Structure formats: structure tokens, C-alpha cells
Amino acid sequence: MVVYSFYIFDRHAECIYKKKWPSRPTSTGSRSQQANGLPDGPSQQKALSAEDDAKLVFGTIFSLRNMVRKLGGEDDR
């Protein structure tokens, strides 16, 4: 498993630590494309601010935690 980003949040949902590592390059033979067939380039992606990125990560973790609690039942609380 490869980790490209690492976040630590406090109990008030504030990001208190963030570390990013560069990802490995993709295959060298062809241009990368998204699932819809469009080229994956700067014109297709908008860079998120660090704050927006942290909010999205926290929201994902919060949603997963709630889903696991609902699926796990009373024993997992």
C-alpha cells in the first residue's frame, strides 16, 4: 500500500497536520486518460486549496466512520 497524503485532525475537525508525497509517474508510453476517454491534463483538473483538500478528506473519513457504526451494530460502539 502506498501513501501519498497523510492528515491528522483534532476533535473539532481542524486539520492540525498534513504531509504530501509525490506520486510515482504513470506509464511512459502513452498519455494518461480518464475513464471517460478525455485526456488527463491541467485543463481537466483544478487544484484544490489545502483547506478544501483537508475538508474533503475529513468528510470522507467522517462518512465512513458513520457507515461502519451503522453496519457494525451495538457491539462495535
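Two salt bridges are present in the predicted model, a salt bridge being a side-chain nitrogen of Lys or Arg within 4 Å of a carboxyl oxygen of Asp or Glu. One of them joins Lys20 to Asp53, with 2.8 Å between the closest N and O atoms. Because Lys20 belongs to strand S2 and Asp53 to helix H1, this pair ties together parts that are 33 residues apart in sequence. Lys20 is partly exposed, at 45% relative accessibility, whereas Asp53 is buried, at 14%. Here buried stands for under 20% relative accessible area, exposed for over 50%, and partly exposed for values in between (1.4 Å probe, protein chains only). A salt bridge also links the side chains of Lys55 and Glu51, at 3.3 Å from N to O. Both of these residues lie in helix H1, four residues apart, or about one turn of the helix, and both are exposed.

The model is predicted, so that local features need pLDDT of at least 70 and side-chain atom pairs count only at pLDDT 80 or more, while totals for chains, interfaces and linings use all residues. Residues are numbered from 1 along each chain as its sequence is written, and side-chain values use heavy atoms, with hydrogens and water left out.

The chain contains one helix and two strands, in the order β-β-α from the N terminus. These elements are DSSP runs numbered from the N terminus, helices being H or I of at least four residues and strands E of at least two. Strand S1 (residues 5-9) pairs with strand S2 (residues 15-20) in the antiparallel sense over five bridges; pairing requires that DSSP finds at least two bridges between the strands. Within this pair, Ile8 stands opposite Tyr17 of S2. Five residues separate the strands of the hairpin, and Ala13 adopts a positive phi near 65°.

Just after H1, Gly73 has a positive phi of about 90°.

Phe9, located in strand S1, is buried, with a relative accessible area of 19%. Beyond its neighbours within four places in sequence, Phe9 is in contact with Glu14, Cys15, Ile16, Ala54, Val57 and Phe58, contact meaning heavy atoms within 4.5 Å. The C-alpha atoms of Phe9 and Phe58 lie 7.6 Å apart, although 49 residues separate the two along the chain. Among contacts in the chain with a separation of 6 or more, 21% are between residues 24 or more positions apart.

Of the 77 residues, 6% count as buried. The chain exposes about 7100 Å², of which carbon and sulfur atoms supply 55%; accessible areas come from the Shrake-Rupley method with a 1.4 Å probe, and for residues only the protein chains shown count as cover. A nonpolar surface patch is formed by Val3, Phe6, Ile8, Ile16, Tyr17 and Trp21, with about 570 Å² of accessible area together. S1 and S2 are the elements that give two or more residues to this patch. Patches consist of residues with over 30% relative accessible area and no salt bridge, with like charges joined within 9 Å and nonpolar side chains (Val, Leu, Ile, Met, Phe, Trp, Tyr) within 5 Å. Val3 is placed in the segment before S1 and is partly exposed, with a relative accessible area of 42%.
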